[in-house]
Amino acid sequence: MALDEETPLVDHLEAGNQTVNHGRDIHILSLAFLLIFLAYGAAQNLQSTLNTDGDLGTISLGILYASFTVSSLFASSVVRKLGSKNALLLGTTGYWLYIAANLIPSWYTMVPASLYLGFAAAILWVGEGTYLTSTARSQANDHKLHEGTVIGHFNGEFWGIFAAHQLVGNLLTLALLKDGAEGGTSGTTLLFTVFLGSMTLGTVLMSFLKKRDGEETEGDRDSSFSFYTFVASLWEQVVTPLCDMRLLLIVPLIAFSGLQQAFVWAEFTKYYVQPFLGESGVGGAMAVYGVFDAICSLAAGRFTSGLTSITFIVSGGAFLQGGTLIWLLNYSEPTGVLRVVYPLLIAAIWGIGDGVLMTQLNALLAMLFKHNMEGTFAQLKLWQSASIAVVFFLSPYISLQTMLFLMLAALVLSLAGFLFLVLKVEKVFSNHAS
């Protein structure tokens, strides 16, 4: 009997069968990522204002995401070898080293740390997507629940809790970082020491995750390593997925998800927050962004049950962000109380847009590409990190108006590709049904 898409996500115990609630692992995974990224996210937001000598902060972020992009090419092979839990633990080491480098920021500490973090981040995020999807499938199979609903709910919980890192991290920054004499800043050592403690706690928490069974194909873990097998695996995990028309149609939306994140970090705070709210207002605006990102992620996850719901949610988020981009193209300097209201309103809208894209993209990829999770999530991080790196490197050389036009064009292109994909997939399903 077919299971209804709206089957509630509750424990379903049958007589004589012992079932496991895999939701425990999602709780642990979500909280661990919150503890790690409340430190990294806040540190990233501060790079352009704290490490200004020779644009060290901005350049190190560009190097980081360039390394992230290259590392995403082979991250899936590493995750398959290690298993997703071990990959998650390895990935956290790069974030710890990067925060430690900020205690003594220089070209000799930040550049190597950024290069290594790019590698570690690729491993971490491919491991996260693989682990979460594998856990959701185990929950659906063990409790006889609709798989799409479980994947949507688990993604909603993860991204909702993860998005709260912007709120918590920026509130810590506001509390511990003080404006010093002659425009300097005090409290950085204490702040980054607290961040290191948070990351350490997150890594320890992650070690309590259960290893997932059945996430690798038989023989992958035990196959002997050679250059030939590495190249073959790289081809299978990176090149072969791009031969699938479905993925090619999703790539523009993936790239836009990275563009809109980088826009907030590199452009929004610089042009729409700092001039009106000052340096201290950056943390407040990013906290608002994090709150709405978290709320929207949780809500979008609860309403995700299949391709139809994903289509409506993504389309709604795209129209909201598109309207905001058009508004920003005609933005005039606000006066009075609007100097505070407008930046916070834009932050809230952008948080909603990010919450929609992150939950729905991960759920969509998990539903469409069941047999190559590592390769699929490697593609997700590859295109996201590449687009983020492009924004960081282009930002000093193009005007804000040009950036906004590029963002709007990318949004229209990505939404058109996504809607065409939906029609194509639904046509295939209707043909099979008939």
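Is Tyr-272 buried or exposed, and what is its relative accessible area?

Analyst: Tyr-272 is buried, with a relative accessible area of 3%. Buried means under 20% relative accessible area, exposed means over 50%, and partly exposed lies in between, using a 1.4 Å probe and protein chains only. This is a predicted model, in which local features need pLDDT of at least 70, side-chain atom pairs count only at pLDDT 80 or more, and totals for chains, interfaces and linings use all residues. Residues are numbered from 1 along each chain as its sequence is written, and side-chain values use heavy atoms, with hydrogens and water left out.

First, the whole chain. The chain has 13 helices and 2 strands. Both are DSSP runs numbered from the N terminus: helices are H or I and span at least four residues, strands are E and span at least two. Of the 434 residues, 56% are buried. A contact means heavy atoms within 4.5 Å. Take the contacts between residues at least 6 apart in sequence: 85% of them join residues at least 24 apart.

Next, the rings. Rings of Phe, Tyr and Trp (its six-membered ring) pair if their centres lie within 6.5 Å; planes under 30 degrees apart count as stacked, over 60 as edge-to-face and the rest as tilted. The count comes to 26 aromatic pairs. One of them joins Trp-125 and Trp-159, stacked at 5.6 Å centre to centre with 5° between the planes. Trp-125 sits in helix H4 (residues 107–143) and Trp-159 in helix H5 (residues 147–163), so this pair ties together parts 34 residues apart in sequence. Trp-125 counts as buried at 7% relative accessibility. Trp-159 is buried too, at 4%.

Now back to Tyr-272. Its ring centre lies 5.1 Å from that of Tyr-331, and the planes stand at 90°, so the pair is edge-to-face. Tyr-272 belongs to helix H9, while Tyr-331 is in the loop between H10 and H11, so the pair ties together parts 59 residues apart in sequence. Tyr-331 counts as buried, at 19% relative accessibility.

Who else touches Tyr-272? Phe-263 does. Leaving out residues up to four places away in sequence, Phe-263 also touches Phe-268, Leu-328, Trp-350, Val-391, Leu-400, Met-403, Leu-404 and Met-407. Phe-263 has a place in the core as well. A nonpolar core is a set of buried Ala, Val, Leu, Ile, Met, Phe, Trp, Tyr and Cys residues joined through side-chain atoms within 4.5 Å. The largest one has 117 residues, and those with the most contacts inside it are Phe-33, Tyr-40, Tyr-95, Trp-125 and Phe-263. Helix H9 (residues 245–303) gives the most to this core, with 21 residues.

Not counting residues up to four places away, Thr-324 touches Trp-350, Ile-346 and Ile-349. Thr-324 lies in helix H10 (residues 307–329). Thr-324 is buried, at 4% relative accessible area.

Accessible areas come from the Shrake-Rupley method with a 1.4 Å probe; for residues, only the protein chains shown count as cover. The chain exposes about 18400 Å², with carbon and sulfur atoms supplying 67% of it. Val-337, Leu-338, Val-341 and Leu-345 make a nonpolar surface patch of about 310 Å². Patch residues have over 30% relative accessible area and no salt bridge; like charges are joined within 9 Å, nonpolar side chains (Val, Leu, Ile, Met, Phe, Trp, Tyr) within 5 Å. Leu-338 lies in helix H11 (residues 338–368). At 32% relative accessibility, Leu-338 counts as partly exposed.

Last, the charges. A salt bridge is a side-chain nitrogen of Lys or Arg within 4 Å of a carboxyl oxygen of Asp or Glu. There are 4 salt bridges. One of them joins Glu-333 and Arg-339 at 3.3 Å, N to O. Glu-333 is exposed, at 58%. Arg-339 is partly exposed, at 26%. Glu-147 and Arg-137 also meet, at 3.3 Å, N to O. That pair links distant parts of the chain, with Glu-147 in helix H5 and Arg-137 in helix H4, 10 residues apart. Both Glu-147 and Arg-137 are buried.
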